[in-house]
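Dear colleague,

Please find below the structure for your review.

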Amino acid sequence: MEKYIISVFLAFSCLFKPVCVLAQSSDTTGSWSLSAYADAYYALYSDSVGVGNFQKFPTVSPRSNSFGINAVQLSAQYDGPRVRATVIVHAGDIPISSWSSKYNAIQEAHVGIKLFKKLWLDAGFFKTHFGTEYLMPKDNITSSLSMLTYYEPFYESGLKLNYDPSKNLEINFFLLNGYNIFEDNNTKKSVGLGITYLIGDKGNIGYTDYLGDDSPVGSILPHTRFANNLFFNYAFSPKFLIQVGGDYFIQQNSNLITPTKIGTAYGMLGTLKCQLRPRFAVYERTDMFYDPNGFLSSLYTYSNGDQLGYASVGQTVGIEFKPTSNSYLRMEYRRIQMLYDEEIFHSNSTNFDFRNELTINMGVYFDIVKGFETKK
């Protein structure tokens with residue numbers, strides 16, 4: 001705990017002291033903000049993994065029959081005409097289950113400079129640019145994450161070139177260390193692209209991708225991965241919100257039958273939220289994941305010795321109560337069904353090809369300081 005407090009103090013000191021000095025010496029005006037977020041949970045899973053252990057595919061609410069904290073998060077941001085910076089630190093079960101073990105307290109830490117009128121260059125640690133869903137419950141319709149999202153990257157490090165040609169269009173180019181890593185594990189770099197177009201004030205549509213080879217040093221065969229994602233978020237009315245997304249992966253030398261051929265994997269999800277009352281809503285998500293070659297997931301071995309990567313369908317339903325615009329209480333049920341008799345779950349000494357989940361999440365996010373201006 002003492003080390004964590006020191007890391008938080010140093011992170012925020014590094015953000016505000018040097019950056020504000022730079023801003024005051026080079027920018028005419030700038031503003032900074034400080035915000036916080038916390039999410040608590042209780043969860044029950046039909047899969048038995050032992051008291052206190054994380055469930056399979058651990059992300060949000062990963063412990064069964066346990067009260068816990070998914071995340072406690074502090075965010076600091078500086079925005080000036082020529083420079084900008086963001087630092088986000090976090091603690092809780094989500095950072096332990098899903099984040100880098102070495103840089104576990106850091107969710108984001110990056111600085112940026114303005115190159116031209118609408119062109120910025122940012123460098124540091126980022127949350128992933130890839131995918132349809134986000135990691136934190138406050139940013140999603142559902143609290144849990146789909147199986148597809150679990151195998152997408154959660155974080156990345158490198159350079160981001162940000163260009164906004166219009167108020168509705170944002171384009172980002174990335175030069176990265178790799179797929180879901182902060183520190184590079186080889187001498188190769190990866191690239192990525194993110195394009196988002198705002199559809200008025202009703203939603204957005206976009207495309208993200210990733211291209212790179214994260215094979216460790218000494219690997220005999222290269223494994224260049226090309227990951228593609230399409231997403232669509234739209235509010236048809238104040239009462240109906242839809243989210244649709246799909247991924248397609250190609251990886252070199254990753255075919256289960258012929259290892260020197262390419263392997264493929266794909267998945268999709270669709271989520272619908274219905275606002276029944278100003279404070280009450282219900283939602284449903286259907287998702288599927290198909291990785292027959294197991295290069296994203298794992299290989300399941302049948303009793304006859306045959307092997308197959310994971311393939312699943314998930315069904316999620318939930319109800320949400322929002323006491324205020326910046327808080328929520330959700331109760332959610334999900335069932336994960338493996339498609340090809342892959343009995344990867346266990347209960348009472350029996351193997352099953354499905355898992356039932358019940359989670360309750362309560363969260364709040366708020367500004368501590370917002371838009372505080374610094375002037376030269």
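Which elements each supply at least two residues of the lining of the second largest cavity? They are helix 3 (147-150) and strand 17; helices (H or I, at least four residues) and strands (E, at least two) are DSSP runs, numbered from the N terminus.

Provenance and confidence

This is a predicted model, in which local features need pLDDT of at least 70, side-chain atom pairs count only at pLDDT 80 or more, and totals for chains, interfaces and linings use all residues. Residues are numbered from 1 along each chain as its sequence is written, and side-chain values use heavy atoms, with hydrogens and water left out. The average pLDDT (the predictor's confidence in each residue, from 0 to 100) of the protein chain is 91, and 91% of the residues score at least 70. Over residues 8-25, pLDDT stays under 50, and the model has 33 contacts for them beyond four places in sequence; contact means heavy atoms within 4.5 Å.

Cavities

On a 1 Å grid over the protein atoms alone, a cavity is a set of points where a 1.4 Å probe fits but cannot get out; a pocket is an open set with protein on both sides within 12 Å along at least five of seven lines, and lining residues have an atom within 4 Å of a point. Grid points are joined across faces, edges and corners, and a volume is the space filled by probe spheres set on the points.

Two cavities of 30 Å³ or more are present. The largest cavity holds about 90 Å³. Of its 16 lining residues, Tyr45, Val60, Ser144, Arg334 and Glu357 lie nearest the centre, and strand 20 gives the most, with four residues. The second largest cavity, of about 30 Å³, has Phe57, Thr59, Leu145, Ser146, Met147, Tyr150, Arg334 and Ile336 as its lining. By class, that lining has five nonpolar, two polar and one charged residues; Ala, Val, Leu, Ile, Met, Phe, Trp, Tyr, Cys and Pro count as nonpolar, Asp, Glu, Lys and Arg as charged, and the others, Gly among them, as polar.

Pockets

The largest pocket has a volume of about 1000 Å³. It is lined by 41 residues, with Thr128, His129, Gly131, Tyr134 and Thr196 nearest its centre. Its lining has 15 nonpolar, 16 polar and ten charged residues.

The second largest pocket contains about 540 Å³ of space. Ser75, Gln77, Thr86, Ile88 and Glu108 lie nearest its centre, among 27 lining residues. Strand 2 provides the largest share of this lining, six residues.

Gln107 belongs to strand 4 (residues 106-116). Its relative accessibility is 1%, so Gln107 counts as buried (under 20% relative accessible area; exposed is over 50%, partly exposed in between; 1.4 Å probe, protein chains only). Its side chain makes a polar contact of 3.0 Å with that of Gln73. A polar contact is a pair of N or O atoms within 3.5 Å; within protein, one must be able to donate a hydrogen and the other to accept it, and residues adjacent in sequence count only if both atoms are side-chain atoms.

Ser327, in strand 17 (residues 327-338), is buried, with a relative accessible area of 9%. The side chains of Ser327 and Thr324 are joined by a polar contact of 2.7 Å. Leaving out residues up to four places away in sequence, Ser327 touches Lys322, Gly363, Val364 and Tyr365.

With kind regards
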